[in-house]
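User: Could you take a close look at the aromatic rings in this structure and walk me through how they pair up?

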Amino acid sequence: MKPVERISAFVKLGKAIQDLNPEDKEELLWRAENNNNWFTKDFVESALEGISLMLSEEKLDAWLSIYDLKDVENPLSIGLMMAGNIPAVGFHDLMCVILAGHQAVIKLSSTDEILMKWVIKKLIEIDPRIEKQVRIEDMLKGMDAYIATGSDNSSRYFNYYFGKYPHVIRQNRTSVAVLTGEETKEDYINLGKDIFMYYGLGCRNVSKIYVKSKAQLQELLGALEVYSPIASHHKYHNNYDYNKSIYLVNLEDHLDNGFLLLKESDALVSPICVLFYEVYESEEQLSEKLQELEPKIQCIVGNGAERVPFGTAQNPEPWEYADGVDTMAFLLELA
């Protein structure tokens with residue numbers, strides 16, 4: 001396939017997702033949730049919508065214009081060890097491998113196999129030639145290169161087995177938000193999307209906020225009341241009950257609005273249903289701290305030119321790479 005044909009297939013995939021008829025969509029959402037209770041219908045639908053927005057012709061052209069995509073006579077086998085924390089989290093890696101002209105050999109996560117298999121099937125329906133570029137395997141041995149996503153612990157395993165090959169190995173990351181005290185109620189409500197989407201399980205979910213004053217916390221909790229239905233999810237509510245009981249038994253100070261716990265902490269990654277906060281004194285001090293923590297931060301949400309706008313953290317553009325590693329450049333340099 002020529003580069004323009006590979007790009008066209010993904011543009012058509014985006015349109016196919018947008019035009020998915022209600023009956024087929026309902027069945028797909030049900031199957032995904034039945035396979036993994038964390039993947040509720042609303043969240044799977046949001047993930048699909050995010051993919052379709054990413055696949056607009058204008059965005060793909062803007063993203064790929066800086067690369068020299070070529071016909072690949074001898075495609076390489078790229079092992080993709082996919083995570084399964086949020087719906088279709090491995091899609092971007094799959095897209096990069098196919099667009100680069102290589103073969104994606106995929107080890108799917110059992111928690112996200114329904115949606116990813118559907119995406120692959122739909123791509124092959126759009127252009128049957130893509131079938132030669134995608135293979136699902138239980139073991140990834142003898143690949144030419146690897147892209148693996150997982151926890152800090154699993155990354156050590158990945159490095160042990162894949163380190164001698166060209167590789168991109170991702171570790172735990174999380175996202176934070178910076179509040180200046182000038183935020184509106186709408187800003188706080190939008191921030192709620194970044195906190196609660198996918199129940200906080202993604203690396204682009206905000207797990208910690210930096211505030212100028214503790215007085216902001218009550219305003220935030222009040223604005224976030226619109227997300228109270230999230231407590232009806234049994235797994236989320238079990239986590240809430242567990243963490244709340246721990247804080248109460250240990251007499252640890254915290255704020256509670258009935259479905260979210262706010263706790264002061266130096267740590268970055270908070271448990272499900274908990275949002276850590278830290279008070280900062282100045283922008284300069286905070287900038288230094290965030291720079292030190294940069295290897296563990298996926299994105300910084302807030303108002304300002306260098307911040308991800310409130311409410312958009314879970315809708316990355318195609319050129320916004322996980323861990324800041326240019327996956328496409330990595331793949332093109334292999335050829």
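Analyst: Let's start with a word we'll need: a residue is called buried when its relative accessible area is under 20%. Keep in mind, too, that this is a predicted model.

Now for the rings. A pair of aromatic rings is described by the distance of the centres and the angle of the planes. Searching the whole structure turns up 13 aromatic pairs. Take tyrosine 146 and phenylalanine 162: their ring centres sit 4.0 Å apart with the planes at 5°, so this pair is stacked, as planes under 30 degrees apart count that way. The two partners come from distant parts of the chain, 16 residues apart. Tyrosine 146 belongs to strand β4 (residues 145-149), while phenylalanine 162 is in helix α7 (residues 152-162).

Are these two buried or exposed? Phenylalanine 162 has 6% relative accessibility, so it counts as buried, and tyrosine 146 is buried as well, at 2%.

Next, look at tyrosine 199 and tyrosine 236. Their pair is tilted, with 5.9 Å from centre to centre and 40° between the planes. This pair also links distant parts of the chain, 37 residues apart: tyrosine 199 lies in the loop between α8 (185-196) and β7 (206-211), and tyrosine 236 in helix α10 (residues 234-249). Tyrosine 199 is buried at 8% relative accessibility, and tyrosine 236 is buried with a relative accessible area of 2%.

Finally, back to the stacked pair. Tyr146 and Phe162 belong to a cluster linked by ring pairs, together with Tyr157, Phe158, Tyr161 and Tyr165.

Technical notes: Residues are numbered from 1 along each chain as its sequence is written. This is a predicted model: local features need pLDDT of at least 70, side-chain atom pairs count only at pLDDT 80 or more; totals for chains, interfaces and linings use all residues. Side-chain values use heavy atoms; hydrogens and water are left out. Rings of Phe, Tyr and Trp (its six-membered ring) pair if their centres lie within 6.5 Å; planes under 30 degrees apart count as stacked, over 60 as edge-to-face and the rest as tilted. Helices (H or I, at least four residues) and strands (E, at least two) are DSSP runs, numbered from the N terminus. Buried means under 20% relative accessible area, exposed over 50%, partly exposed in between (1.4 Å probe, protein chains only).
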